[in-house]
Amino acid sequence: MPLIPIIPTATKPLNEGSGDTFYEQVGGRATFERLVRAFYAGVASDPVLVAMYPEDDLEGAIQRLTGFLEQYWGGPTTYSQERGHPRLRMRHNPFKVNPDARDRWLSHMHSAVLSLDLPPLQEATLWDYLERAAHAMVNTFDE
């Protein structure tokens with residue numbers, strides 16, 4: 001399985017001539033907030049995924065994922081300042097992330113990505129990372 005970067009590295013311009021980071025190209029924090037809120041709207045209605053969150057912590061999860069993604073793609077480094085290194089695999093290890101959970105996650109995230117109506121290159125770039133990240137989080141093949 002290919003390794004995915006889990007520290008903020010996406011600060012180089014996607015279009016070399018533009019001088020903008022991917023974060024800026026897609027609209028900054030507002031875009032990542034829309035993405036994550038759309039994603040968690042799907043999670044909230046998914047019995048497998050919502051069971052991984054304490055009832056009163058979906059807003060906290062929204063803020064953490066938004067912060068992580070905005071930092072990863074070249075935005076503010078608030079996530080690491082508040083939480084330290086992302087350590088994605090370690091943070092997900094307490095949860096049963098099997099292929100079914102991964103596929104549900106991907107389904108909700110794909111809908112959320114499509115809802116952004118990004119230009120094709122930015123959409124493909126974002127989706128490629130999210131898909132690889134989801135596959136890397138699988139930690140069991142038990143049902």
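This is a predicted model: local features need pLDDT of at least 70, side-chain atom pairs count only at pLDDT 80 or more; totals for chains, interfaces and linings use all residues.

Trainee: How are the planes of the rings of Phe 39 and Tyr 40 arranged?

Mentor: A pair of aromatic rings is described by the distance of the centres and the angle of the planes. For Phe 39 and Tyr 40, the centres are 4.8 Å apart and the planes stand at 75 degrees. Planes over 60 degrees apart have their own class, so this pair is edge-to-face.

Trainee: Which parts of the chain does the pair of Trp 73 and Tyr 129 link?

Mentor: Let's begin with the rings: their centres are 5.7 Å apart and their planes meet at 90 degrees, so Trp 73 and Tyr 129 are also an edge-to-face pair. Trp 73 is buried at 6% relative accessible area, and Tyr 129 is buried at 1%. The two residues are 56 apart in the chain, and the parts they link are the loop between helix 4 (58-72) and helix 5 (78-83), and helix 8 (residues 120-136).

Trainee: Which residues do ring pairs link into a cluster?

Mentor: The whole structure holds 10 aromatic pairs. Trp 73 and Tyr 129 belong to a cluster linked by such pairs.

Trainee: How are helix 2 and helix 7 oriented to each other?

Mentor: The axes of helix 2 (residues 29-44) and helix 7 (residues 99-115) come within 8 Å and cross at roughly 140 degrees. Angles over 145 degrees would count as roughly antiparallel. The crossing is right-handed, and the two helices are therefore oblique.

Trainee: How many nonpolar residues are in the contact of helix 2 with helix 7?

Mentor: Helix 2 contributes residues including Leu 35 and Phe 39, while helix 7 brings Trp 105 and Met 109, among others. Three residues of the contact are polar and one is charged. The nonpolar ones number eight.

Trainee: What is the relative accessible area of Leu 35?

Mentor: Leu 35 sits in helix 2. Its contacts include Leu 69, Met 109 and Leu 126. Leu 35 is buried, and its relative accessible area is 0%.

How values were computed:
Residues are numbered from 1 along each chain as its sequence is written. Side-chain values use heavy atoms; hydrogens and water are left out. Rings of Phe, Tyr and Trp (its six-membered ring) pair if their centres lie within 6.5 Å; planes under 30 degrees apart count as stacked, over 60 as edge-to-face and the rest as tilted. Helices (H or I, at least four residues) and strands (E, at least two) are DSSP runs, numbered from the N terminus. Buried means under 20% relative accessible area, exposed over 50%, partly exposed in between (1.4 Å probe, protein chains only). Axes are lines fitted to C-alpha atoms, for helices over the stretch in contact, and angles run from 0 to 180 degrees between N-to-C directions. Angles under 35 degrees count as roughly parallel, over 145 as roughly antiparallel, 65 to 115 as roughly perpendicular and the rest as oblique. A crossing is left-handed if the near helix is turned anticlockwise from the far one by less than a right angle, and right-handed if clockwise. Contact means heavy atoms within 4.5 Å. Ala, Val, Leu, Ile, Met, Phe, Trp, Tyr, Cys and Pro count as nonpolar, Asp, Glu, Lys and Arg as charged, and the others, Gly among them, as polar. Lists of a residue's contacts leave out its neighbours within four places in sequence.
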